[in-house]
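Thanks for coming. I will take one model today and go through its domains, its pockets and a few backbone details.

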Amino acid sequence: MDTSRLGENTRSIRAGERLDRAVGGVTTPIHTAAAYMAADDVEGAYRYPRYCNIPTQAAPAEKLAALEGAEAGLVLASGMAAISSSLLSVLGSGDHVVLQADLYGGTHRFLMAELARLGIGFTLVSEADPARLEAAVTAHTRAVFVETPSNPLLRIIDLAGVAALAKKRGLVSMVDNTFASPINQRPLELGFDLSIHSGTKYLNGHSDLNCGAVAGSKTLVAAVRERAINFGQTLNTYDCYLLERGMKTLALRMARHNENAMAVAGFLAARKGIAAVHYPGLPDHPGHALAKSQMHGFGGMLSFALDCPPAAARTFMDRLGLVLEAVSLGGIESLACFPAVTSHAKMPREDRLAIGVTDTLVRLSVGCEDADDIIADLGQAMDAAHIA
Ligand SMILES: Cc1ncc(COP(=O)(O)O)c(C=O)c1O
């Protein structure tokens with residue numbers, strides 16, 4: 001079914017589906033076969049799960065492509081599989097990549113632990129913008145990688161500006177689009193080459209599966225797929241089924257996340273005892289105008305710094321009831337964590353403080369519950385911890 005002219009709710013629900021015509025089923029069945037009766041020379045034939053080309057894998061991959069406005073999509077075993085295979089699809093020994101400094105901690109770890117070992121150079125750019133990123137480009141640079149809104153401080157980077165610099169300097173541009181989801185941000189429409197996701201978060205949306213995804217041109221996605229095949233990073237059929245099912249409500253969920261996060265950010269901004277609220281939907285957020293111009297919604301993620309000693313911040317977290325303390329994000333349930341001891345725990349303390357990840361910074365993934373209930377829970381936990 002061609003869904004390219006249809007709305008984002010319709011594409012979330014119907015794009016990519018492989019309906020079970022044999023029995024008239026209205027969902028993509030879970031194909032369990034690990035062997036397919038296809039001749040080797042048949043282009044596009046279903047063959048083998050590790051090659052990422054069985055129908056259960058094709059369905060969410062095509063759905064993502066339809067939502068991102070991409071030629072091709074690919075689903076993989078984790079967000080880190082998507083990030084590592086994307087980077088290694090372009091970079092080889094002697095090459096160099098420019099990245100923004102305030103990246104998801106796991107991406108940072110991958111650079112430190114793996115790229116250096118493979119003889120691939122990288123430069124991390126603080127307070128990244130197109131000009132600062134371009135200043136770090138060398139004769140060996142092959143790619144530029146950004147994350148916006150960034151984790152956990154929700155910094156916004158000018159995507160059209162970065163895409164233009166990449167085109168000018170002949171680089172492949174990649175963005176971790178996890179926090180926004182393709183409903184709130186479509187980087188390929190702004191000139192980006194690859195949009196990468198931890199599908200564990202908003203794409204699936206139910207905190208019950210680990211997966212990743214990539215969208216881009218057929219050529220670039222084929223190169224990522226080649227790496228993923230060699231590293232064995234493919235997503236199994238059961239999880240593909242869950243991912244496709246979760247993605248059907250993506251547009252619906254994102255509308256609620258956007259609405260709830262705006263209400264929670266407004267509450268926190270007006271509340272005493274909060275040193276800072278980081279949410280791009282707030283007019284005083286430094287990236288607000290940019291976010292308004294390049295995003296279709298401000299998203300469900302925010303962070304805030306409690307104005308209290310670390311012990312009181314710990315009490316606040318312990319006293320939350322509805323909001324669960326957990327590291328992940330993007331699910332329908334609200335989750336909170338301290339990035340200093342979770343996503344950024346492996347980052348040296350000085351580096352962490354330098355990018356603004358303080359000890360009392362709370363990251364909140366605002367879920368799809370009733371906003372009033374989330375706000376009441378945050379308020380009572382602050383009262384209990386005497387933060388005012
Ligand atoms: C922004 C971002 N990118 C990538 C990842 C990695 O995804 P995964 O855990 O699915 O490998 C995460 C995980 O938290 C993330 O928050």
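This is a predicted model: local features need pLDDT of at least 70, side-chain atom pairs count only at pLDDT 80 or more; totals for chains, interfaces and linings use all residues.

Residues are numbered from 1 along each chain as its sequence is written, and side-chain values use heavy atoms, with hydrogens and water left out.

Domains first. The protein chain is divided into domain 1 (8-247) and domain 2 (251-384), with bounds that come from an automatic or database domain assignment. Their C-alpha centres lie 26 Å apart. Across the boundary, 39 residues of domain 1 are in contact with 39 residues of domain 2, where contact means heavy atoms within 4.5 Å.

Now the pockets. On a 1 Å grid over the protein atoms alone, a cavity is a set of points where a 1.4 Å probe fits but cannot get out, whereas a pocket is an open set with protein on both sides within 12 Å along at least five of seven lines; lining residues have an atom within 4 Å of a point. Grid points are joined across faces, edges and corners, and a volume is the space filled by probe spheres set on the points.

The largest pocket holds about 860 Å³ of space. It is lined by 30 residues, and the closest to its centre are C52, E62, A72, G73 and R225. The elements giving two or more residues to this lining are α2 (55-68), β1 (72-76) and α8 (218-231), and α2 gives the most, with 6 residues. Helices (H or I, at least four residues) and strands (E, at least two) are DSSP runs, numbered from the N terminus. By class, the lining of the largest pocket has 14 nonpolar, 7 polar and 9 charged residues. Ala, Val, Leu, Ile, Met, Phe, Trp, Tyr, Cys and Pro count as nonpolar, Asp, Glu, Lys and Arg as charged, and the others, Gly among them, as polar.

The second largest pocket holds about 370 Å³. Of its 23 lining residues, the closest to its centre are Y104, N151, S198, K201 and L329. Its lining has 6 nonpolar, 12 polar and 5 charged residues. Where does the second largest pocket lie? Domain 1 and domain 2 both give residues to its lining, so it lies between them.

K201 lies in the loop between β6 (194-198) and β7 (212-216). Is K201 buried or exposed? It is buried, with a relative accessible area of 16%; buried means under 20%, exposed over 50%, and partly exposed in between (1.4 Å probe, protein chains only). Not counting residues up to four places away in sequence, K201 touches T178, S328, L329 and G330.

Last, the backbone. Most residues other than glycine have a negative phi, and most peptide bonds are trans. The bond from T148 to P149 is cis, with omega near -5°, and the bond from N151 to P152 is cis as well, with omega near 5°. P149 lies in the loop between β4 (141-147) and α6 (159-169), and P152 is also placed between β4 and α6. S207 has a positive phi, near 50°, and is partly exposed at 39%.
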